[in-house]
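Look over the sequence and the model, then read on.

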Amino acid sequence: MILLKKEMIYHWWYERKKVAQMQWRPKNHFIFYFIIFSCGVLCSFVVFTVLSNKSDVTKNHRHSMTMDNVIQVRDEFSVLSPFYDGMDSGGGVHRARKSKTHRGKGRPEDQQEALSTLKVAVEFKTLGKDEKALRLFKHALALAPKNPEVLTQYGEYLEHNRQDILSADLMYFQALSVNPEHGAALANRMRTANIVEVLDQERLARLDAKRDALSAIHESNSALRRAKKEAYFQNIYHSVGIEGNTMTLAQTRSILETRMAVNGKSIDEHNEILGLDAAMKFINASLVNRDGITMKDILEIHKRVLGHVDPVEGGEFRRTQVYVGGHIPPGPGDLGVLMNSFEEWLNSDRAVSMHPVKYAALAHYKLVHIHPFTDGNGRTSRLLMNTILMRSGYPPVIIPKQWRHKYYDFLQLANEGDSRPFVRFIADCTDKTLDLFLWATSELPNQIPLLSQNEYNSHSTIIEDIDEETVMGSDATMHDEYLRF
């Protein structure tokens, strides 16, 4: 009886299930599945569209920039423009060309705060509180570095309260580059321009006097020979160090003398040192004792600078666009015209008649500004500069790697229209280099600290005690490369 009841219940449940399946089964399978598929596609499209719109809004909001933040391309890059007109004029009231896209005006609230700070700074200046005034002037300048009123007032403070006419003249120049019609800046610049020109000429005259004193020392002087050899190592060490090479001076010297690798350093860092060594030997052997500098000479220098690192690119103009910090060099299509113009300027009477330090500094700046190579532009420009200086009796100038930031800051000022601060910077480096040679060949008891090493203690000196027999012995041929100006 129980089994009969279970069988009846099972039969009833099975019939109900069969009826339910028949009720929900579609009459046309294809239409049913097509509708489900279409609904899935439609839903997916809607979801994708919503998410895409949301992503675009977020991206635009996150990366939107004002025109003040966009890197600007200088007008000088146009091949139809004169090649750096007025960049080497020196003194006189120079009005920089107005930029059409960027005048450095920052945010309105920053401008307002800068003017308020400037007003307080002027009040402190009137009350004789110079230190507080100086801090406020610097703060105002940081807020509005291109505001002509801030630049002019700060320049007047530097001129009258700090007697820093060179920096004051720079402030007036920058104010006029923003607003050429600014009355106070124009009047101040007309007053300081001639004074600054006289100061610059006196600086260059002092360099000539030191050069003549060094030239009076006979080449057979053992101290001079040691100094030249050490300066050779120093020059390579600092030049590659400016570009980020991490070799120490001792390691640089070891590579050049032994040609053996340094453990833990990359192959490129070794090759940068060897490349600069090859380029300097080429200059000493081929360029120092003849007149004129051709495009081929520049390419030969670069071929050796980059020959060990990238032989394919060495001695070849770049074929792609490059970007250097906030500076966008001209495109590869303009390099031929610009380099031809640079070669003409390099050998023109106007350039050759300049003081050698000014001529060398401007040649360095113009070449590095064009940036004709993919890599090695800075090293090639410094070698070109030293070639010009050596032809005039100056030693190769050492730009200390610790001055890297000053070096780039002055190049940026030249990009903005005033190349004089960069010329003064090169003049200062020349002065330091001359002092080191004169000190090394004198009998003065005081010591000059090393330009270079953090790895040496403060009691070290730039001229090391090199065995004279090493200089004059069997390796004399190799060392002659080091000892030539």
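Where is glutamine 163 found? Glutamine 163 sits in the loop between helix H5 (148-160) and helix H6 (165-178). Helices are DSSP runs of H or I with at least four residues, numbered from the N terminus.

## About the model

This is a predicted model: local features need pLDDT of at least 70, side-chain atom pairs count only at pLDDT 80 or more, and totals for chains, interfaces and linings use all residues. Residues are numbered from 1 along each chain as its sequence is written, and side-chain values use heavy atoms, with hydrogens and water left out.

Glutamine 163 has a phi near 55 degrees, a positive value in a residue other than glycine. Glutamine 163 is exposed, at 56% relative accessible area. Exposed means over 50%, buried under 20%, and partly exposed in between (1.4 Å probe, protein chains only).

Histidine 371 lies in the loop between H14 and H15. Its phi is also positive, about 55 degrees, although histidine 371 is not a glycine. Histidine 371 is buried, with a relative accessible area of 12%.

## Nonpolar cores

A nonpolar core is a set of buried Ala, Val, Leu, Ile, Met, Phe, Trp, Tyr and Cys residues joined through side-chain atoms within 4.5 Å. The largest has 51 residues. Phe342, Trp345 and Leu346 have the most contacts inside it. Elements giving two or more residues to this core include helix H7 (183-215), helix H12 (335-346) and helix H17 (420-440). A second, separate core has 24 residues, among them Leu134 and Met171.

## Helix H2

Isoleucine 31 lies in helix H2 (residues 29-63). Isoleucine 31 is partly exposed, with a relative accessible area of 45%.
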